[in-house]
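Reader: I am new to protein structures. Please take a close look at one part for me: the ligand and the space around it.

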Amino acid sequence: MRIVRLASEIDFAGWRAAARRLRAEHQAPDEVLWTVDGEGDLFGDEAKTPAPSPPSFTAPRAFVDLAREVALHRSGERFALLYRLLWRLEREANLMELASDPDVARARHMAQAVSRAAHKMKAFVRLRLVEDAAEETYVAWFEPAHRVTEQVAPFFARRFANMNWSILTPDVCIHWDKAQLRLTAGADPADAPSGDTLEEYWRTYYAATFNPARLKVATMQREMPKRYWRNLPEARLIPELIQSAEGRTDVMVRQAPSEPNRRVVRQAQRLSRDASFEEGAPSSLEEIAAGVDFCRRCELWRDATQGVAGEGPAAAPLMLVGEQPGDQEDLVGRPFVGPAGQMLDRALAEAQVPRDRAYVTNAVKHFRHELRGKRRIHQNPSASHVSACRWWLDAERRIVRPRVIVSLGANAALGVFGKAMPIGKSRGQAFQLTDEAQGVVTYHPSYLLRVPDQDARDQAYAAFVQDLKFAWSLAA
Ligand code: URA
């Protein structure tokens, strides 16, 4: 019996190297034992004997792609099954086309399960803002059905490129700091956080891995041995991560997150489910934040991840109203955190409007989009969506009572004014609104990202900054 020692549960490169050698030695599959011992020295001392040259047979590409997926399955038989298939392929060239063959069927089934697990992880990870972190940071806990975390990490890095985040799983934790992906050992499933305990868990458990005083190097190396780091470009960053943790101990000491008010959440759920209950409109921003997620005033909730309420001080002199949450806002649950938000931040800074004195919200609280393949493409909300969602915007206006409300784009203006306001004609003026606030109308920041001609884009941006300055001069 030959024993193969792979470096990790997902050591596909190790499996491939070992399989090549076993084939060269004509080692039958039922005489091979595949193990994961964390060291990854494949054949132990035996490896010192040079392997005979491998036979000329090359596995078909389709098999290699399938095998890569199967290697991420949690089944203990996966590596043996793959070697058996490889062994048989050398003798049965059309094997992979025999869908009814038990080995082929099993491998296909496993690959599908892995692909489903990756898809679910992409769809269901919910990042949550860590309150009071030194820098804006998001965290999520997820337990993937199979070991797909490293595979999907680049997807999250692309999707949330402008945010610091950590996704904690029992297998491995992935972290993104707006520039690099990093991996650390898996978090402890026995202590799996749920709901509101997530941030606390992140601080007390995961954040400790950044803290040299409490860094669990031994655990980390056991979970992800050094040899395995070599297979993963991201893992090379681990020593650097450990080093850069020095001196950051103080930053880790944070206040525990406050408990959400359950009464408020319950009331908001009741109010927003019962569309006829007009009298009991929300009376605090907490009720709104909890309630929009349960809103059924139009159908947009069905495809959205969550409702996105506004955020900012309850007595902000300035309210900025956008159109609707975009892809990133929908996933994160906060307004203007994606590319349009960056454009808005840049213009606010240039106009010298302090963002922390503005309440930022949207005319429509759920993300309207259509699915094209795996992509979610933004769709404009219709007038009926804006109208249904005015219930929430009006509640925000009643509570915040801003002096000035800036409508960012035509759909925002429809929500704020209750009628169409042509942007070109309405810009640069202050309109008296029924709730004593003054209304200012300007472009939507996404429009500034779309203007094709550079000169026209610069002009539109300058006008946008000018409008924000004007609004702030009325509000401050
Ligand atoms: N666009 C908006 O109108 N609002 C957001 O929150 C994000 C993008």
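Author: Start with the shell. The ligand is surrounded by Gly322, Glu323, Gln324, Pro325, Gly326, Glu329, Pro335, Phe336, Ala340, Asn362 and His444.

A word on the source. This is a predicted model, where local features need pLDDT of at least 70 and side-chain atom pairs count only at pLDDT 80 or more, while totals for chains, interfaces and linings use all residues. Residues are numbered from 1 along each chain as its sequence is written, and side-chain values use heavy atoms, with hydrogens and water left out.

Now the polar contacts (pairs of N or O atoms within 3.5 Å). The side chain of Asn362 places an N or O atom 2.7 Å from a nitrogen atom of the ligand. Gln324 uses its backbone: an N or O atom there lies 2.9 Å from a ligand nitrogen. Phe336 has a polar backbone atom 2.9 Å from an oxygen atom of the ligand. Taken alone, the ligand exposes 240 Å², and the protein buries 94% of that. These areas come from the Shrake-Rupley method with a 1.4 Å probe.

Next, the space itself. The ligand takes up the second largest pocket; more than half of its atoms must lie within 2 Å of the grid points for that. On a 1 Å grid over the protein atoms alone, a pocket is an open set of points with protein on both sides within 12 Å along at least five of seven lines, and lining residues have an atom within 4 Å of a point. The volume of this pocket is about 890 Å³, counted as the space filled by probe spheres set on the points. It is lined by 33 residues, and the closest to its centre are Gly326, Asp327, Phe367, His378 and Ser446. Elements that give two or more residues to the lining include α12 (327-332), α13 (339-350) and β11 (375-378). Helices (H or I, at least four residues) and strands (E, at least two) are DSSP runs, numbered from the N terminus. The pocket lining divides into 14 nonpolar, 10 polar and 9 charged residues.

Note on methods: Near = heavy atom within 4 Å. Polar contact = N/O pair within 3.5 Å; in protein donor to acceptor, adjacent residues only side chain to side chain. 1 Å grid on protein atoms, 1.4 Å probe; cavity = no way out; pocket = protein on both sides within 12 Å on 5 of 7 lines; lining within 4 Å. Nonpolar A, V, L, I, M, F, W, Y, C, P; charged D, E, K, R; others polar.
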